[in-house]
Amino acid sequence: MTPDLTKQVLTQTAETVLSRRYYLKDSDGTAIETWETLCKRVSNAVAEVDKESEGFEALRESYFRMMYHLDFLPNSPCLMNAGTDIGQLSACFVLPIEDSMDGIFTAIRNGALVHKTGGGTGYSFSRLRSRNASVRSTQGVASGPLSFAAVFDAATETIKQGGKRRGANMGVLRIDHPDIMDFISAKENQDKFNNFNFSVAITDAFMEAVEEGADFDLIEPSSGLVTGNLDARAVFEKIIDLAWHNGEPGVLFIDAANRDNMTPQLGDFEATNPCGEQWLLPYESCNLGSLNLSNFVKDGKVDYPRMENIVRVATSFLDSVIDCNRFPIPEIEEMTLKTRKIGMGIMGLHDLLIQLGLPYGSEEGRKQAAEIMAFVRAKAEERSVELAEEKGAFPAYDADINDYPARRNAALTSIQPTGTVSMIADCASGCEPYFSIVMIKNVMDGDRLILVNKHFEQVARREGFYSDELMAKVADSGTVIGHDEIPKKWQEVFRTAQDVSPEDHIQMQGILQNNGVDSSISKTINLPNSATREEVELSYIMGYKLGCKGLTVYRDGSRDSQVLNTKECRDGEQKMGLVSGAGIKKTLPDTLSAKRYRVKDQDQKSVYIIVCFDENEQPMEVFAKFPFDNRVDLKDKSTMWTTTCRLVSLALRFNIPASEIIKQLDRSSGHMLDLPAQLSKLFKSFMAGTQHGFASTCPECAGALVFEEGCETCHDCGYSKCS
């Protein structure tokens, strides 16, 4: 590589994420890569496809530079596996499930092979006959899609252990399947299908029936016969109620997706990948990558010439990824090579808008976003057409039915989750606004670290309103809105995900979908905790009418595992010092997952604190263990620690607010290293910056999980429930 390369300095968070998840390691688990050598590994592997071409060296150099300087990053499997023995570089797959035992368990096997190599899978259960439908081969009755979904879930749970990326699934059922009501309610209590996102495939006919207040038909997939009908309005209200309850199921507008199917002769779309942005035919896979828009602002304007250059290089890169890929099973290789789909996405949209001084929720912000996305799509297509001339069009291209120019790739663009790669690039994820501008991170020594968004700090210092006191106030309130020290213009520009109205979220998704996105968009429509079911309904209807191909709605604090995360929730449910469910002792299962923390007491002796977590990764029991607790001189101390842990465990099982537990522990502490102090520090780390209760906690680093791009992600270490 060029020896005078300007060194790319990464943030501490980026280095942490890379060390945990991406850098190759030796037999002792020590990282043996740097960001530069990782980019060389990936660029060398992908450029190898064109090693016989005249411009090979220049191409390899361009691949390296766009990654190293964070202008474009491919999806995680490519960063992890390119140039290694695994060699599986695709992020997302859709696998068919045929209506037979052989078909079902073949899909389970194929899914396991995909998960083992770091991919996520989408499944449609719509072909499976309904519960109690007749099975002629056995003279019995079918157990239905949900019973088999549980088997898929268990298989994923087994395979994901120990991997760099967790196995993740999307489960889809058509709205006209006879078991649809069971499917809609399947995740109501969040105690099943924890390795799945569930979405209902909604048809135009169903939405028309909702609007007309009519019934719609249920169709048995094994026979194609109508077996009954339901009130469309009542079913829609059930979907709305459960989305309001905890965000699931999501909705997929399947007819809208199939209208944009580039290869209808190969079949219809049935399902998406886990986060919903890739509609794929059975056995298709897709290689994803994202343009870092934060790097394309120059002198207060969008630097379109530079953007064009990177889009062209990235299109060539993603196309070559297909050819150097090692596919998990032959059927995926065959189908992927037929259509050669790529997913050129974006990240850092909010960064770009901030640099241009445009509020995310404004009409001007949406117009700018649409202009950029259309530009990216146009330049990607230009390069794909050139590649078709150089290397041939995708094999499934048919000039008789395809009304677009012959190109190398059947699909070019999508907007995918970039939770981890956007941490590496130090920008906002995907097309989402920032989740927070100023955060307080509680660390184990009891300190509170104030983390300030780089753009906000720059503006605040430049315009003279920066102060530690103001940053602390913004962090405590969770918003820049309403602070008189901050000029109104910048309050609007720095509105975060929960400050942006649901309508503005959906309008941003809709305008991007209609201006340059071939497939779909992974985005979360954030609602305040006080949002009504009517507002959820409005979101769905508005998204449908705007042409969105799917929606994820999330009401703050609605997951069982995110108990009180906002002031609105606190003011409502916490007026009496209680949370929802307080006063009812939670019954625990026989087996709980646990983590052990080694601490030092005031005598510098080691003590082990063991915390047990429920299925939602919430602390439920606490134990203290002395390495030599049979010693006489430790007996009183051991008894005191044991008693304290029992009382804290009891408070946890009665859903006492975290802030109240911490307050009492702090009051009881007589020394910075005694048990109450140690437990207080530990619980503050579980809260990870929230002020009103336990956030949904990261199982790997105890940071807070935030819900964005259709998934829960940790901004501290890069963990994601969807990848």
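## Report on a predicted protein model

At 39% relative accessibility, Glu 463 counts as partly exposed. In this predicted model, the side chain of Glu 463 meets that of Arg 462 in a salt bridge, with 3.6 Å from N to O. Arg 462 counts as exposed, because its relative accessibility is 55% and the cut-off for exposed is over 50%.

**The whole chain**

The protein has 723 residues, and 57% of them count as buried. Its secondary structure consists of 24 helices and 25 strands. The accessible surface comes to about 29000 Å², and carbon and sulfur atoms account for 49% of that area. Among contacts between residues at least 6 apart in sequence, 68% join residues at least 24 apart.

How much of the model reaches a pLDDT of 70 or more? The share is 86% of the residues, and the mean pLDDT is 87. Over residues 560–582, however, the pLDDT is below 50, although this stretch has 57 contacts in the model beyond near neighbours in sequence. Residues 688–695 also have a pLDDT below 50, with 39 such contacts. Where pLDDT is low, the predicted coordinates should not be read in detail.

Beyond its neighbours within four places in sequence, Leu 349 is in contact with Leu 293, Tyr 360, Ala 369, Gly 430, Cys 431, Met 508 and Leu 512.

Phe 206 belongs to helix H8 (residues 204–212), where the buried residues are Asp 204, Phe 206, Met 207, Ala 209 and Val 210. Which elements do the buried residues of H8 pack against? They pack against three strands, S7 (196–202), S8 (215–219) and S10 (250–253), and against three helices, H9 (232–246), H10 (254–259) and H20 (533–545). After H8 comes Gly 213, whose phi is positive, near 70 degrees.

**Salt bridges**

The structure holds 40 salt bridges. Three of them are listed here.

| Glu 284 | Lys 341 | 3.0 Å |

Glu 284 sits in the loop between strand S12 (279–280) and strand S13 (285–292), while Lys 341 sits in the loop between helix H12 (330–339) and strand S16 (342–347). The two residues are 57 residues apart, and the pair links distant parts of the chain.

Asp 504 lies in helix H19 (residues 502–513) and Arg 366 in helix H14 (residues 363–391), so their bridge ties together parts that are 138 residues apart in sequence. Asp 504 counts as buried at 18% relative accessibility, since the limit for buried is under 20%. Arg 366 is buried as well, with a relative accessible area of 6%.

Salt bridges can also share partners. One network formed in this way joins Arg 312, Arg 383, Glu 386 and Glu 390.

**Backbone details**

Most residues other than glycine have a negative phi, and most peptide bonds are trans. Some places in this model depart from that pattern. The peptide bond from Glu 248 to Pro 249 is cis, with omega near 5 degrees, and Pro 249 is placed in the loop between H9 and S10.

Arg 340 is not a glycine, yet has a positive phi of about 50 degrees. Arg 340 lies in the loop between H12 and S16 and is buried, with a relative accessible area of 3%. Asp 426, also not a glycine, has a positive phi of about 60 degrees. Asp 426 is in the loop between helix H15 (419–425) and strand S17 (438–442) and is partly exposed, at a relative accessible area of 30%.

**A patch on the surface**

Met 101, Phe 105 and Val 151 make a nonpolar surface patch of about 270 Å². Met 101 is found in helix H5 (residues 101–116) and counts as exposed, with 52% relative accessibility.

Definitions and conventions:
Residues are numbered from 1 along each chain as its sequence is written. This is a predicted model: local features need pLDDT of at least 70, side-chain atom pairs count only at pLDDT 80 or more; totals for chains, interfaces and linings use all residues. Side-chain values use heavy atoms; hydrogens and water are left out. Patches are made of residues with over 30% relative accessible area and no salt bridge: like charges are joined within 9 Å, nonpolar side chains (Val, Leu, Ile, Met, Phe, Trp, Tyr) within 5 Å. Accessible areas come from the Shrake-Rupley method with a 1.4 Å probe; for residues, only the protein chains shown count as cover. A salt bridge is a side-chain nitrogen of Lys or Arg within 4 Å of a carboxyl oxygen of Asp or Glu. Helices (H or I, at least four residues) and strands (E, at least two) are DSSP runs, numbered from the N terminus. Buried means under 20% relative accessible area, exposed over 50%, partly exposed in between (1.4 Å probe, protein chains only). Contact means heavy atoms within 4.5 Å. pLDDT is the predictor's confidence in each residue, from 0 to 100.
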